[in-house]
Amino acid sequence: MAAYGDADQDTLDADQDITVGRMSFVRVRMYGPEHPFHAMDSYTGDLCRIGETVLDVATGQWASAFEEALAHPVGDLLVMDRVILEPAWRGFGLGPVLAGTAIRRLSADCVAVACEPGSADGRDLTEAEHREAAAKLADTWSGIGFESFADGVHILDCHLQRPQDLLAERQREFKELCRLWRDHHRR
């Protein structure tokens, strides 16, 4: 853990590394050397489905419905491909805090962040379980500003203040949960 700031280094160094999960984001350059849809199609099937939803596949430009859904449709696209927390870390609000923080850092010059909520941790799920997991994750991601767009794809408009306000709210909630846990364990 790298620690920067005025705090005492001994209080910031980690005693051990603990894996809480993993995240994967992909930046799709709209004005890069490769056609945006072809780049997405060559990456994974998940990105291909998102590309088919937000792009005009023939031209590589934004689909008109996607453009209309955004405040300022100019920039690259950030795709939140995977956010997987280890089972012991689920249910505490950590996923939205970590994903929202990563989005804030990675989304400079992006028009939006897109995702397709669904279970990505390798479990075999029935169709009903998959729909239930997707609905729960869609609700989770709405807590940091994602909104349903089309065909199971959700988007977060990077040019709005609302996602930043929602992330700050999730961070406050998580900080309060940490304070309560610390107070409980000091007794």
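Glu-86 touches Thr-19, Val-20 and Gly-21 when residues up to four places away in sequence are not counted, a contact being defined by heavy atoms within 4.5 Å. This residue lies in the loop between S4 and helix H5 (94-106), where helices (H or I, at least four residues) and strands (E, at least two) are DSSP runs numbered from the N terminus. With a relative accessible area of 34%, Glu-86 is partly exposed; buried denotes under 20% relative accessible area and exposed over 50%, with partly exposed in between, for a 1.4 Å probe and protein chains only. Glu-86 and Arg-22 are 64 residues apart in sequence, and their C-alpha atoms are 8.4 Å apart in space.

The structure is a predicted model, in which local features need pLDDT of at least 70 and side-chain atom pairs count only at pLDDT 80 or more, whereas totals for chains, interfaces and linings use all residues. Residues are numbered from 1 along each chain as its sequence is written, and side-chain values use heavy atoms, with hydrogens and water left out. The mean pLDDT of the protein, that is, the predictor's confidence in each residue on a scale from 0 to 100, is 87, and 90% of the residues reach 70 or more. Over residues 1-10 the pLDDT is below 50, and this stretch has six contacts in the model beyond near neighbours in sequence.

The protein has seven helices and seven strands, which follow the pattern α-β-α-α-β-β-α-β-α-β-α-β-β-α along the sequence. Taken along the principal axes, the box filled by the C-alpha atoms is roughly 60 × 45 × 25 Å. Of the 187 residues, 34% count as buried, and among contacts between residues at least 6 apart in sequence, 68% join residues at least 24 apart.

The largest nonpolar core has 21 residues, and Met-40, Val-54, Trp-62, Phe-66, Leu-77 and Val-79 are those with the most contacts inside it; such a core is a set of buried Ala, Val, Leu, Ile, Met, Phe, Trp, Tyr and Cys residues joined through side-chain atoms within 4.5 Å. Two or more residues are given to this core by each of strand S1 (21-28), helix H2 (36-43), helix H3 (45-54), strand S4 (76-85), strand S5 (110-115) and strand S7 (153-157), and the largest share, four residues, comes from H3. Apart from this core lies another, of 14 residues, among them Ala-99, Ala-102, Ile-144 and Phe-146.

Within H2, the residues Pro-36, Phe-37 and Met-40 are buried. The buried residues of H2 fall within an arc of 95 degrees when seen down the helix axis, so they line one face of the helix, the arc being that of the directions from the helix axis to the C-beta atoms. These buried residues pack against S1, H3, strand S2 (55-56) and S4.

Leaving aside neighbours within four places in sequence, Val-54 is in contact with Gln-61, Trp-62, Ala-63, Phe-66, Leu-77, Phe-149 and Val-153. Thr-53, which is buried with a relative accessible area of 11%, touches Ala-63, Phe-149, Ala-150, Asp-151 and Val-153, not counting residues up to four places away in sequence. A polar atom of the Thr-53 side chain lies 2.9 Å from the backbone oxygen of Arg-49.

Strand S7 is mostly covered, five of its five residues being buried; Val-153, Ile-155 and Asp-157 point one way from the strand, and His-154 and Leu-156 the other way. S5 and S7 run antiparallel and are joined by four bridges, with Cys-115 standing opposite His-154; two strands pair if DSSP finds at least two bridges between them. Strand S6 (residues 147-150) also pairs with S7 in the antiparallel sense, over three bridges, and Glu-147 has Ile-155 as its bridge partner in S7. The hairpin of S6 and S7 has two residues between the strands, and Asp-151 takes a positive phi near 50 degrees there.

Arg-170, in helix H7 (residues 162-186), counts as buried at 15% relative accessibility. The side chains of Arg-170 and Glu-173 are joined by a polar contact of 2.9 Å, a term for a pair of N or O atoms within 3.5 Å, of which, within protein, one must be able to donate a hydrogen and the other to accept it, residues adjacent in sequence counting only if both atoms are side-chain atoms. Leaving aside neighbours within four places in sequence, Arg-170 is in contact with Pro-96, Val-97, Gly-143 and Ile-144.
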